[in-house]
Amino acid sequence: MTARRARVRPGGLPCIVLPWAVADGARNMAVDEAMLELAADGSTLLRFYGWEPWCLSLGRHQAAPDRLLGRAPDELRPGVDAVRRPTGGRSVFHGPEITYAFACPARAWGGPRTVLQTVHRALGEGLRSLGVPLDTVGGDAAEASLAEAFRISAASCFRDPAPGELTARGRKLVGSAQCRRRGGVLQHGSILLEDRQRLGDLGGGDVGPDEGAVAGVSGKGPAIGLNELLDPAPDPRLIVERLADRVAGAFGAPGPAATGASGGTATSPALIRLAARYERIHRSRAWLWLRERPCPTA
């Protein structure tokens with residue numbers, strides 16, 4: 001029997017925006033995975049969040065350096081966390097940034113490739129509305145560039161700006177990754193307020209800032225932060241509001257996104273239960289360093 005390709009629906013349920021939250025690495029990745037599981041059941045969800053403490057994240061299939069194996073996350077350097085993402089790619093240092101996560105059914109909204117394009121386009125619109133001078137690629141080149149970004153998104157990070165990603169002055173401002181699982185799609189990424197990516201370079205010394213490491217780091221590499229593009233930089237709450245409105249509106253939200261108030265989905269028993277289950281996985285050193293993922297428990 002010949003297998004038939006599953007049909008992709010042009011739309012899905014309207015996007016629901018979850019409240020802004022700040023958490024450590026394990027909690028953040030647990031909530032993202034909970035969103036992915038709910039998306040497989042039909043939900044379209046969006047959230048923006050921050051990191052406390054600052055955190056190094058590894059890609060799902062990335063091998064950790066031998067010098068880090070067996071260390072507790074807080075042993076990297078005081079005040080720095082570590083986590084392994086459910087998406088691919090290489091290490092990212094999550095410091096001064098706004099992180100987004102979007103999840104939807106894999107067959108909704110045109111499929112994963114269209115989702116990547118739509119999210120990037122909406123983020124770009126939101127950033128331009130704040131005055132961010134993003135680089136532009138027009139016409140057929142834009143579509144080809146976005147197609148290339150989809151092909152290599154699992155292998156790129158802030159050290160290697162990829163075609164189709166959001167850049168300014170030729171440097172990457174937004175880095176994204178995507179994964180699919182059991183009928184759901186998760187896409188998450190970082191919008192840099194400042195460029196601190198060198199602090200998470202696994203090829204260097206200890207990860208994270210020390211007393212003298214922060215000064216002079218921003219503005220030296222292939223990434224760029226909003227602080228280098230806007231003076232003064234907008235309040236992060238305004239940035240989140242603009243981005244949430246554009247992304248949620250692109251996925252059927254009927255009105256302005258409310259990211260500050262608790263919504264029913266955000267506090268639903270299903271999301272809380274799923275996040276707690278995945279949090280146990282993301283606090284496992286075996287998963288963090290060795291890619292040995294424990295089975296989730298009920």
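**Close-up views of a predicted model**

In strand E7, tyrosine 100 is the bridge partner of phenylalanine 48. The model is predicted: local features require pLDDT of at least 70 and side-chain atom pairs count only at pLDDT 80 or more, whereas totals for chains, interfaces and linings use all residues. Residues are numbered from 1 along each chain as its sequence is written, and side-chain values use heavy atoms, with hydrogens and water left out.

View 1. Helices (H or I, at least four residues) and strands (E, at least two) are DSSP runs, numbered from the N terminus. Two strands are taken to pair if DSSP finds at least two bridges between them. Strands E3 and E7 run antiparallel and are joined by 5 bridges. E7 also pairs with E11 in the antiparallel sense, over 9 bridges, and threonine 99 stands opposite serine 190 in E11. In strand E7 (residues 97-105), 9 of the 9 residues are buried, so the strand is largely enclosed by the rest of the structure. Here, buried means under 20% relative accessible area, exposed means over 50%, and partly exposed lies in between (1.4 Å probe, protein chains only).

**View 2. The open sheet E5-E4-E6.** This open sheet of 3 strands has the order E5-E4-E6 and mixed pairing. Strands E5 (80-84) and E6 (92-94) stand at the edges; each has a single partner strand, so one side of each is left without a neighbour in the sheet. Neighbouring strands of this sheet are turned by 25° against each other on average, direction ignored. E4 and E6 run antiparallel and are joined by 3 bridges; phenylalanine 93 in E6 is the bridge partner of leucine 56. Helix H1 (residues 25-40) lies across E4 and E5, running at about 30° to E5. Axes are lines fitted to C-alpha atoms, for helices over the stretch in contact, and angles run from 0 to 180 degrees between N-to-C directions.

**View 3. The surroundings of serine 57.** Serine 57 lies in strand E4 (residues 54-58) and counts as buried because its relative accessibility is 0%. The side chains of serine 57 and arginine 85 are joined by a polar contact of 2.7 Å. A polar contact is a pair of N or O atoms within 3.5 Å; within protein, one must be able to donate a hydrogen and the other to accept it, and residues adjacent in sequence count only if both atoms are side-chain atoms. Not counting residues up to four places away in sequence, serine 57 touches Val83, Arg85, Arg90, Ser91, Val92 and His94, where contact means heavy atoms within 4.5 Å.

**View 4. Two nonpolar cores.** A nonpolar core is a set of buried Ala, Val, Leu, Ile, Met, Phe, Trp, Tyr and Cys residues joined through side-chain atoms within 4.5 Å. The largest core has 35 residues, of which Phe102, Leu127 and Leu173 touch the most other members. E3, E7, helix H2 (112-129) and H4 each supply at least two residues of this core, and the largest share, 6 residues, comes from H4. Leaving aside its neighbours within four places in sequence, leucine 127 is in contact with Val132, Leu134, Leu166, Leu173, Val174, Ile191, Leu226 and Leu243. A second, separate core of 20 residues includes Ala34, Leu45, Trp51 and Leu274.

**View 5. Backbone geometry in the loops.** Most residues other than glycine have a negative phi, and most peptide bonds are trans. The peptide bond from glutamate 52 to proline 53 is cis, with omega near 0°; proline 53 is found in the loop between strand E3 (45-51) and E4. The peptide bond from aspartate 231 to proline 232 is also cis, with omega near 0°, and proline 232 is in the loop between strand E11 (184-192) and helix H4 (236-250). Arginine 169 has a positive phi, near 55°, and lies in the loop between strand E8 (167-168) and strand E9 (171-172). At 54% relative accessibility, arginine 169 counts as exposed. Arginine 182 likewise has a positive phi, of about 45°, in the loop between strand E10 (174-181) and E11; arginine 182 is exposed, with a relative accessible area of 64%.

**View 6. Cysteine residues.** A search of the whole structure finds 0 disulfides, a disulfide being a pair of cysteine sulfur atoms within 2.5 Å. For cysteine 104, the nearest cysteine sulfur is that of cysteine 15, 9.0 Å away. Cysteine 104 is buried, with a relative accessible area of 0%, and cysteine 55 counts as buried at 0% relative accessibility.
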